[in-house]
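Work through the exercises below with the model open. Try each task before you read its solution.

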Amino acid sequence: MRPDLFALYADHLDTLKQRADEALQRGGFDALVVPSGRLHFQFFDDRDYPFAVNPQFKAWLPLVRVPDSWLVYQPGQRPKVIYLQPFDYWHVVPSAPSGDWVEHMDVVIIRTAEEALQHLPKQVARCAILGEPQSALGEFVPNNPEAVVAYLEYHRAFKTPYEIEKMRAASRIGARAHRAAERAFRAGASEFGIHLAYCQAAGQDANDLPYSNIVALNEHGAVLHYTDRDRLPPKPVRSFLIDAGAANDGYACDITRTYSQDTGDEFQAMIDAVDRAQLAMCDQVRNGFDYRQLHLDAHLSLSRILKEFGLITVTPEVAVETGVSSAFFPHGIGHGIGLQVHDVAGFAESDRGGTLPKPQGHPYLRLTRTLAPGMVVTIEPGIYFIDMLLEQLKDRGLGPSVDWGRVDAFRPFGGIRIEDDVVCTDDAPINLTREAFAS
């Protein structure tokens with residue numbers, strides 16, 4: 001039985017109010033004012049970029065397509081939504097407010113963006129205004145006070161049960177679309193064709209997806225953020241790496257899978273080895289565990305796979321110590337996820353600010369905090385065959401640490417990445433991605 005989202009939203013809103021009360025008190029403000037955002041237009045053109053809602057706005061409301069609207073919260077009062085529903089026959093106008101949130105808010109409908117000024121607080125100087133500079137309206141210019149933002153962003157790492165359910169639903173969409181993408185790959189589609197199959201199955205296009213799909217065949221899997229999408233498939237097709245997510249009411253999932261065209265070859269065996277190692281890493285998402293250590297442990301685990309498949313000549317421990325493992329696994333083990341794919345405050349020392357350092361020699365790790373219940377993180381180990389990084393090993397005198405003949409054998413396959421979204425709890429972690437694929 002599905003949980004009662006209406007009740008979960010009410011509890012979620014109570015949590016946001018408590019956080020806002022404390023944040024405003026710390027910053028010395030009386031009101032929280034959050035613009036939804038404004039359309040950006042291309043330079044020397046009248047075409048707008050896809051609208052991206054302010055994450056601070058969609059934390060309160062499951063609304064992602066309401067530009068020039070506002071959220072106002074003052075402690076002890078009901079939140080107020082100033083909702084722009086313009087007279088416009090050129091574009092689709094936001095529909096009348098509806099959903100679980102409506103009865104918890106005072107809703108004011110406006111017909112022009114400027115009308116919002118009539119309903120915003122009178123004392124602008126007493127307002128913490130969170131948003132981008134372009135959202136400014138009259139004297140309401142986003143000031144993004146550090147004390148307020150630091151507190152809210154730090155605690156946003158701890159997802160409410162309502163948010164977990166939204167992310168669970170996003171994961172179900174993503175899993176469905178990933179299955180369609182694999183079918184398209186097996187049927188011989190191009191990168192572009194696989195991308196279209198994914199979007200069709202998800203029911204989401206580039207304006208809806210939380211990030212640009214990475215759809216990579218063969219050597220393209222070695223480009224970490226590959227988004228070119230060739231229109232014709234290579235010959236022969238050897239491998240397929242897809243890193244693609246989905247959105248649900250502003251919440252994201254982030255899923256990566258890798259496949260070999262020949263399910264019985266050595267590359268598929270390596271994929272299976274990374275998959276087993278990744279599941280063990282997911283099980284490390286436990287209350288009180290330092291995410292930095294999880295990243296370092298991943299390097300040792302992946303180095304064991306490199307040794308098993310004959311890619312390195314040194315021990316796994318030496319591969320990690322000398323940085324050889326970083327040539328094959330050059331990114332972080334993952335990041336926080338939620339309202340943003342790379343969620344905020346990944347390095348925050350506390351809700352008052354400060355920075356927790358990254359491990360020396362690991363500049364691309366995006367999360368350095370200690371895990372705690374409610375946190376949702378990605379776990380995405382990878383092994384890649386990236387020429388420029390492997391050549392640097394030779395330049396550093398580490399060439400003998402690698403079996404270059406074995407590298408040549410795997411280079412045409414590009415690389416491997418497996419990624420799941422995992423919830424830290426008081427007990428065993430919840431793997432939203434595996435759960436979605438199993439449903």
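**Exercise 1. Find the residue in S14 that is the bridge partner of Val 377.**

Step 1. Go to strand S11, residues 376–379. Strands here are DSSP runs of E with at least two residues, helices are runs of H or I with at least four, and both are numbered from the N terminus.
Step 2. Move across to strand S14, residues 420–423; 4 bridges join S14 to S11, and the two run antiparallel. Two strands pair if DSSP finds at least two bridges between them.
Step 3. Read off the partner: Val 422.
Step 4. Check the faces of S11. Val 376 and Thr 378 lie on one side, Val 377 and Ile 379 on the other, and all are buried. Buried means under 20% relative accessible area, exposed over 50%, and partly exposed in between (1.4 Å probe, protein chains only). In a regular strand, side chains alternate between the two faces of the sheet.

A note on the source: this is a predicted model, so local features need pLDDT of at least 70 and side-chain atom pairs count only at pLDDT 80 or more, while totals for chains, interfaces and linings use all residues. Residues are numbered from 1 along each chain as its sequence is written, and side-chain values use heavy atoms, with hydrogens and water left out.

**Exercise 2. Give the strand order of the open sheet of 3 strands, then find what packs on it.**

Step 1. The order is S6-S7-S8, with antiparallel pairing.
Step 2. S6 and S8 are the edge strands; each has a single partner, so one side of each lacks a neighbour in the sheet.
Step 3. Neighbouring strands are turned by 15 degrees against each other on average, direction ignored.
Step 4. S6 and S7 pair over 4 bridges. Ile 214 stands opposite Asp 243 in S7.
Step 5. Helix H4 packs on the sheet and touches S6, S7 and S8; its direction makes about 30 degrees with that of S8. Helix H6 (residues 266–282) touches S7 and S8, at about 145 degrees to S8. Contact means heavy atoms within 4.5 Å.

**Exercise 3. Describe how H1 and H4 pack.**

Step 1. Helix H1 covers residues 5–27 and helix H4 residues 161–186; their axes are 7 Å apart, at an angle of about 130 degrees. Axes are lines fitted to C-alpha atoms, for helices over the stretch in contact, and angles run from 0 to 180 degrees between N-to-C directions.
Step 2. H1 is therefore oblique to H4. Angles under 35 degrees count as roughly parallel, over 145 as roughly antiparallel, 65 to 115 as roughly perpendicular, and the rest as oblique.
Step 3. Name the residues that meet. H1 brings Leu 5, Leu 8, Tyr 9 and His 12; H4 brings Pro 161, Tyr 162, Glu 163, Glu 165 and Lys 166.

**Exercise 4. Which backbone features stand out at Pro 236 and Phe 44?**

Step 1. Recall the background: most residues other than glycine have a negative phi, and most peptide bonds are trans.
Step 2. Lys 235 and Pro 236 are joined by a cis peptide bond, with omega about -5 degrees. Pro 236 is in the loop between S6 (214–217) and S7 (239–248).
Step 3. Phe 44 has a positive phi, near 60 degrees. Phe 44 is exposed, at 76% relative accessible area.
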